[in-house]
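Please read the points below alongside the sequence and the coordinates.

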Amino acid sequence: MSDRNSQDAKKSARERMRTERQRQQRAASRRKKIVIGGIAVAVVGAAVGISIALAGNGGSSGPLVVPANASGPNGTVIVYGNPDNKNVLDVYEDFRCPVCDKLEQADGPTIQQLADNGTYAIHYHLATFLDANLGGSGSKNALAAAGAALNESTAKFKQFHDVLYANQPNEQDDAFANTGHLLDLAAKVPGLVTPDFTKAVQDGTYKPWAGKVNDAFNSSGVSGTPTLKLNGKQLEVFDSQGNPITPDQYTQLIQQTIAAK
């Protein structure tokens, strides 16, 4: 091969190499754009997924509706008895709490009787923390249904409150999560099951309110249920064996606490 031909061949080879490098650079650039675009789509997709997940876990949807006859800050307290009574019995409960039920079965009628005769007014502070502890939504659903009863009247709330405890399932059984079951229990309260009450329970109208009531409980400083305080003084309503005190002992405790005020 002549020198001229050799130089032409080398030049041609260099041209082909340069062209190939340019082609590879363009291809690499395209691949980079595709990768970056894919990452952007994935990030956007992930963000949408997170938003959906958060929306799904956001608790009860809908506006905050406070039941008629609710009292206290933001309507988070339920007052049974004369609201102007100078003596106040604060009762902290969770409808799924078996110890609350134990106290209710032993002393519930006496606790109510002393409110009915004017000894004190009962201020109920209800919680739903057992839903988180045990799983499920029975505490909140029962409280929301109790809110629908409160919307009818304080008396209807108290009757439904008592029915819920009289029919409390085992704490591991989330039976109160069943709306149909709550409506069946509500039927045990004469005159409670009206079309408005039924719709409120089925629609979960008072679930956002139940969340606010639980928030107020969490801010109260009370760490467990049941807790009873008379005029701010915590009452010892269980003996050393963990059994509720008798109705006579409860009445005497109330009298002594009021006298010592």
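**Notes on the predicted model**

1. Of the contacts in the chain with a separation of 6 or more, 76% are between residues 24 or more positions apart; contact means heavy atoms within 4.5 Å. This is a predicted model, in which local features need pLDDT of at least 70, side-chain atom pairs count only at pLDDT 80 or more, and totals for chains, interfaces and linings use all residues. Residues are numbered from 1 along each chain as its sequence is written, and side-chain values use heavy atoms, with hydrogens and water left out.

2. The chain has 9 helices and 5 strands. Helices (H or I, at least four residues) and strands (E, at least two) are DSSP runs, numbered from the N terminus. Along the sequence the pattern reads α-β-β-α-β-α-α-α-α-α-α-β-β-α. Of the 261 residues in the chain, 38% are buried, where buried means under 20% relative accessible area, exposed over 50% and partly exposed in between (1.4 Å probe, protein chains only).

3. Strand E2 (residues 88-94) is mostly covered, with 7 of its 7 residues buried. Val88, Asp90, Tyr92 and Asp94 lie on one side of E2, and Leu89, Val91 and Glu93 on the other. In a regular strand the side chains alternate between the two faces of the sheet.

4. E2 runs parallel to strand E3 (residues 121-127), and 7 bridges join them; two strands pair if DSSP finds at least two bridges between them. Within this pairing, tyrosine 92 stands opposite histidine 125 in E3, and leucine 89 has isoleucine 122 in E3 as its bridge partner. From E2 the chain passes through H2 to E3, a β-α-β crossover that is right-handed. Right-handed here means that, with the strands pointing away from the viewer, the path from the first strand over the helix to the second runs clockwise.

5. E2 also pairs with strand E4 (residues 227-230), in the antiparallel sense, over 4 bridges. The bridge partner of tyrosine 92 in E4 is threonine 227.

6. E3 is mostly covered as well: 7 of its 7 residues are buried. Ala121, His123, His125 and Ala127 point one way from E3, while Ile122, Tyr124 and Leu126 point the other way. Strand E1 (residues 78-80) is joined to E3 by 3 bridges, and the two run antiparallel. Valine 79 has histidine 123 in E3 as its bridge partner.

7. The axes of helix H2 (residues 98-116) and helix H9 (residues 247-259) come within 9 Å and cross at roughly 40°. Axes are lines fitted to C-alpha atoms, for helices over the stretch in contact, and angles run from 0 to 180 degrees between N-to-C directions. On the H2 side, Ala106, Asp107, Thr110, Ile111 and Leu114 meet Pro247, Tyr250, Thr251 and Ile254 of H9. The residues of this contact divide into 6 nonpolar, 2 polar and 1 charged, with Ala, Val, Leu, Ile, Met, Phe, Trp, Tyr, Cys and Pro counted as nonpolar, Asp, Glu, Lys and Arg as charged, and the others, Gly among them, as polar.

8. Is lysine 158 buried or exposed? Lysine 158, found in helix H5 (residues 154-166), counts as buried because its relative accessibility is 4%. Not counting residues up to four places away in sequence, lysine 158 touches Tyr80, Gln112 and Tyr124.
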